[in-house]
Amino acid sequence: MIELISSAWEYFINRQDLMFEVLREHVLLVLWSTFFTIIIGVPLGIAISKTEKLRDIVLGSVSILYTIPILALFGFLIPMMGIGSTSALIALVIYGLLPVVRNSCVGITQVHPQLKESARGMGANNMQLLFKVEIPLAFPVIFAGIRTALVMNFSLATYAVFIGGGGMGRIIMQGIRTFNTGMMLAGILMVVITTVFLERLVGVVDNRIQKHYSLSD
Amino acid sequence: MTREVSVELQNVTKMYGQDKVVNEVSFTVEKGEVFVLIGPSGCGKTTTLKMINQLIPHTSGNILVNGTDVTELDVVELRRSIGYVIQYIGLLPHLTIQENIAFVLKLTKYTKKAQKERAEELIETVGLELSHLNRYPRELSGGQQQRVGVARALAANPDILLMDEPFGAVDPLTREQLQNELIRLQESIHKTIVFVTHDIQEAFKVGNRIGIIREGILECLGTPMEIVKSEDDFVKSFIGQGALFEVFDTIPVSRILEKDVPLVRDNEKVDLADEKLKDWENVFVIGSDGNCRGYICLSDLEKDGTYTLDQVQPLPKTISPDISIKLAVEEMLWGGRTWLPVVDDHSSFKGIVQFRACAGLLDMEGR
């Protein structure tokens, strides 16, 4: 056991350049995918919160997309988009959509009707109601969705290697293929540690936001 | 002088499906009066109120605000020109008190500085401190939040205020205090207020006129005394037994306050040529600080209107403008007087309350 860990450590020290390269790829992939998830998911969630007919269709669709196993999704994406980081990006955006869309929708719909009415009574138009009342009040819930998507995509991005998307999965895969236990373990430990670290980090931010917003009710 | 009409409803009806929630309701609210709509829950009083600022569109009839049909106005502009107060839940929890008060100003793109200044002005108007401005709603008590609600409604300086059970969510003691403050505030701001409540005592206390609604129909409309004397069975059962005494117990003396009493500054002589003196027996001596030094009987004055200080008699027990007419009458009976001086918290002299004005409330014809 100790041997294994020390071999992983040795690999990590010797191949720092590679380790940081895959980490950079991984982080960039996750950040871009989360960015696109937000850009698509939040407006979509807000839009369906206003129209009940669309809601079931959209939430149903993103739920179905979410349940597709990642390897099957790659099977779809490779013939259409080819191999590379774009396909990996699209896959991650698809998975991230469910929590973001659902939370955005729930966040907006749960804003207390009396608050909305009092804002409308004071003469807020639809846009002002949305941006000055609904979105700020829904923000903690929307952020919780983004948090889920971010952390989930960070660990899912390990699979990106299957589609040529790079990331920390590269180290693990290469370690497995070449029977290099040290390399494999170094990759695994790095994924675990960075995921836990990220989870903690967004957790702290989330707590701050929830605390600030617990003024509501 | 013809009275200006601020809000007028003409045969206004609201249908939900086949249900007539509000049925052919007509009334006018005069400028500067407090008009109370009251009735059992679900009677349509809140719906009626919300139709005035078109939060609920009416089905038929006409609603006029300052003479213009509301359907001809832009709803957003209409709402911005009318203050709206609801139970304290209406404060936006993610905004500070200052941002809450200035919310309407923010919507209409006032400068930050103007918003701050207005918020500072209003927080004091409603009796809170400047330090409250940076707090959040949840850090304030229910009564304080409600005061912020009133301040917020006043922000854009509207002529008309709509208040939907504004004091419904606070404890009875705070409610009474808020009612007194509203009455006092109204003395200086003279807004047209449409006030919805289910509490008949509150209606008697704050309302110049009261409209009782049952199942969407305006059953009865009049001053508190007219309501009390109504022969209508529903009205009788709604306001309950002994309502007459309740009215005396709730209406504040400020309602029958005589402000136009003859005054003289100390060190000045009384102008005996003043027409006003004919109806009075006494002249009140006011110091430079606005406090009343006492009063002089007209018969004690020299022919040229001068008097000496020892002729000035000290005021009898004074009363606050908030106390009820019942208490004032009790005070008069115990003290064996026919009038009492009214003095506010800052001990400035407001006028007097006369026994005959109290008794006059009972008079069918007199208002």
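This is a predicted model: local features need pLDDT of at least 70, side-chain atom pairs count only at pLDDT 80 or more; totals for chains, interfaces and linings use all residues.

Let me start in chain B, where helix α6 (residues 142–154) packs with helix α7 (residues 172–189) at an angle of about 25°, their axes being 10 Å apart. How do α6(B) and α7(B) lie relative to each other? Angles under 35 degrees count as roughly parallel, and therefore α6(B) and α7(B) are roughly parallel to each other. The crossing in which α6(B) passes α7(B) is right-handed. On the α6(B) side the residues are B:Gly142, B:Gly143 and B:Gln146, and they meet B:Thr174, B:Gln177 and B:Leu178 in α7(B). Sorted by class, this contact of α6(B) with α7(B) has five polar residues, one nonpolar and no charged ones.

Now to chain A. Here we have nine helices and zero strands, so read from the N terminus the order of elements is simply α-α-α-α-α-α-α-α-α. The C-alpha trace of chain A spans about 70 × 40 × 25 Å along its principal axes.

I have picked two packed pairs in this chain, and helix α5 (residues 85–109) of chain A is in both. In one pair, its partner is helix α3 (residues 52–67) of chain A; the angle is about 145° and the axes are 8 Å apart. This crossing of α3(A) and α5(A) is left-handed. From α3(A) the contact takes A:Arg55, A:Val58, A:Leu59, A:Val62, A:Ser63, A:Leu65 and A:Tyr66, and from α5(A) it takes A:Ile94, A:Tyr95, A:Leu97, A:Leu98, A:Val101, A:Arg102 and A:Cys105. By class, the residues where α3(A) meets α5(A) are 11 nonpolar, one polar and two charged.

In the other pair, α5(A) packs with helix α4 (residues 70–81) of chain A at about 135°, with axes 10 Å apart. These two, α4(A) and α5(A), are therefore oblique to each other. The crossing of α4(A) past α5(A) is right-handed. Which residues make the contact? On α4(A) they are A:Ile70, A:Leu73, A:Phe74, A:Leu77, A:Ile78 and A:Met81, and on α5(A) they are A:Thr86, A:Ser87, A:Ile90, A:Ala91 and A:Ile94. The contact of α4(A) with α5(A) divides into nine nonpolar residues, two polar and no charged. Note A:Ile94, which is listed in the contact with α3(A) and in the contact with α4(A).

Next, helix α7 of chain A, residues 126–156. It has 31 residues, yet its end C-alpha atoms are only 38 Å apart, short of the 45 Å that a straight helix would reach at 1.5 Å a residue. Where is the kink in α7(A)? At A:Phe139, shortly before the proline A:Pro140, there is a kink of about 55°.

Last, the two chains together. In this model 19 residues of chain A are in contact with 18 residues of chain B. On the chain A side, the elements giving two or more residues are α6 (113–121) and α7 of chain A. Six residues come from α6(A), the largest share of that side. By class, the side of chain A that touches chain B has eight nonpolar, eight polar and three charged residues.

Technical notes: Residues are numbered from 1 along each chain as its sequence is written. Chains are lettered from A and ligands numbered from 1 in the order in which they are written. Helices (H or I, at least four residues) and strands (E, at least two) are DSSP runs, numbered from the N terminus. The expected span of a helix is 1.5 Å times one less than its number of residues. The bend at a residue is the angle between axes fitted to the seven residues ending there and the seven starting there. Two residues are in contact if their C-beta atoms, placed from the backbone, lie within 7 Å. Ala, Val, Leu, Ile, Met, Phe, Trp, Tyr, Cys and Pro count as nonpolar, Asp, Glu, Lys and Arg as charged, and the others, Gly among them, as polar. Axes are lines fitted to C-alpha atoms, for helices over the stretch in contact, and angles run from 0 to 180 degrees between N-to-C directions. A crossing is left-handed if the near helix is turned anticlockwise from the far one by less than a right angle, and right-handed if clockwise. Angles under 35 degrees count as roughly parallel, over 145 as roughly antiparallel, 65 to 115 as roughly perpendicular and the rest as oblique.
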